[in-house]
Amino acid sequence: MAEFSQNRSKRRDGEVLGGAVDFLLANARLVLGVGGAAVLGIATLAVKRGLQAGAADPVRLLVPLALEPGLWSLVAGLDTVAQDPRCWAVRRTQLEFRPRGSSPWDRFLVGGYLSSRVLLELLRKALTASVNWPAIGSLLGCLIRPRVASDELLLEVQHECLELTVAVLLTVAGAQDGDLLLAWPLEGLAGNLWLQDWYPAEAARLRALDEQDAGTRRRLLLLLCTVCRGHPALWRLGRDRLAQVVLHLGEQEADWAEEALGEHFLQALELLLGSVERASLPSHFNRGVNLLDGLREEEIDDLGFALYRGLQAPEGLL
């Protein structure tokens with residue numbers, strides 16, 4: 001009877017989340033303030049939870065922009081003034097045949113490129129100022145509120161015992177089939193560029209490795225994300241950097257049985273500390289990308305100190 005009650009509660013929670021997501025999808029054009037059925041396509045809803053039941057990662061709500069074929073081209077970040085290998089620029093083309101203003105996306109151009117920063121600010125204002133979240137939450141039987149302090153576009157959803165975070169991500173198609181580029185809060189010259197999204201590739205690779213040997217790599221990532229998320233310094237590592245560490249260990253170490261999880265946790269801290277000391281954490285999928293480049297010197301120092309203390313007394317992190 002208790003199990004039936006728990007299952008029914010889980011189904012009800014899932015229905016509430018589904019209702020919130022359906023509402024957001026159905027009203028996405030209104031929320032973004034962009035008119036026209038062909039302008040904005042809400043084609044995919046990607047729900048990827050923290051590799052183990054979603055505790056560590058936010059739910060990802062992908063909002064793909066329907067750019068007109070033939071009017072846009074991609075420029076590698078290394079070939080832009082930012083010289084950033086993590087990113088791509090989306091350049092407006094065919095201006096001699098389709099002058100500026102003929103595309104509804106032209107109002108988001110900066111220097112001839114589609115600006116992720118401008119689009120992010122537009123959506124942020126809509127989500128924080130133009131949507132009556134208390135009324136929507138009341139209608140759906142849950143509490144929904146935007147996380148105003150975050151640089152990312154995050155919605156917090158609470159319903160009885162269910163609490164999760166929804167990351168709203170504007171995307172455009174990448175250079176390869178299936179690739180996505182994200183509008184992400186980047187600093188400096190890269191502010192108007194689009195970040196390469198490695199999340200699907202990371203999740204698929206970790207899943208494949210675990211399925212080969214019934215391993216615990218995804219559980220390690222869950223543990224690292226949970227530990228770092230609430231830490232005053234380690235939260236800066238984020239899932240993307242932690243996933244790279246687990247991928248590195250996952251392909252180097254042989255024993256991924258349950259009993260070795262604690263050892264791998266310490267190995268991950270050691271690898272992170274070594275990377276922070278060198279100020280270098282290469283991406284698993286693009287060795288030219290240093291995932292620590294976005295951190296300031298004082299932030300790297302704070303990370304190093306916290307990791308050193310964590311290795312000295314790991315029980316303090318758990």
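**Helix packing and cores in a predicted model**

Leu206, Arg207, Leu209, Asp210 and Asp213 of helix H5 are in contact with Arg217, Arg218 and Leu221 of helix H6. Of the residues in this contact, three are nonpolar and five are charged. No polar residue takes part. The structure is a predicted model. Helix H5 covers residues 199-213, and helix H6 covers residues 217-229. Two packed helices are described by the angle between their axes and the distance between the axes. The axes of H5 and H6 come within 8 Å. They cross at roughly 130 degrees. H5 is therefore oblique to H6.

The loop between H5 and H6 contains Ala214. Ala214 is not a glycine, yet its phi is positive, at about 50 degrees. Its relative accessibility is 65%, so Ala214 counts as exposed. Trp256 lies in another loop, the one between H7 and H8. Trp256 counts as buried because its relative accessibility is 2%, under the 20% cut-off. Along the chain, Trp256 and Ala214 are 42 residues apart. Their C-alpha atoms are separated by 7.7 Å. Trp256 also touches Ala214.

The largest nonpolar core has 35 residues. Leu220, Leu234 and Leu242 have the most contacts inside this core. Four helices each supply at least two of its residues: H6, H7 (238-252), H8 (261-278) and H9 (297-312). H8 gives the most, with eight residues. Leu242 is in contact with Leu221, Leu224, Cys225, Cys228, Leu237 and Leu272, leaving aside its neighbours within four places in sequence. Another core lies apart from the largest one and has 32 residues. Leu119, Leu123, Ile136 and Val157 are among them.

Gln244 is placed in helix H7. With a relative accessible area of 4%, Gln244 is buried. Neighbours within four places in sequence aside, Gln244 is in contact with Glu202, Pro282, Ser283, His284, Phe285 and Leu291. Gln94 lies elsewhere, in the loop between strand E3 (87-92) and strand E4 (109-110). Gln94 has a relative accessible area of 34%, so this residue is partly exposed. Gln94 is not a glycine, but its phi is positive, at about 60 degrees.

The wider view concerns the protein chain as a whole. Nine helices and ten strands are present in the protein chain. The protein chain has 318 residues, and buried residues make up 47% of them. Contacts between residues at least 6 apart in sequence were also considered. Of these contacts, 57% join residues at least 24 apart. The protein chain exposes about 16300 Å². Carbon and sulfur atoms supply 53% of that area.

Note on methods
Residues are numbered from 1 along each chain as its sequence is written. This is a predicted model: local features need pLDDT of at least 70, side-chain atom pairs count only at pLDDT 80 or more; totals for chains, interfaces and linings use all residues. Side-chain values use heavy atoms; hydrogens and water are left out. Axes are lines fitted to C-alpha atoms, for helices over the stretch in contact, and angles run from 0 to 180 degrees between N-to-C directions. Angles under 35 degrees count as roughly parallel, over 145 as roughly antiparallel, 65 to 115 as roughly perpendicular and the rest as oblique. Contact means heavy atoms within 4.5 Å. Ala, Val, Leu, Ile, Met, Phe, Trp, Tyr, Cys and Pro count as nonpolar, Asp, Glu, Lys and Arg as charged, and the others, Gly among them, as polar. Buried means under 20% relative accessible area, exposed over 50%, partly exposed in between (1.4 Å probe, protein chains only). Accessible areas come from the Shrake-Rupley method with a 1.4 Å probe; for residues, only the protein chains shown count as cover. A nonpolar core is a set of buried Ala, Val, Leu, Ile, Met, Phe, Trp, Tyr and Cys residues joined through side-chain atoms within 4.5 Å.
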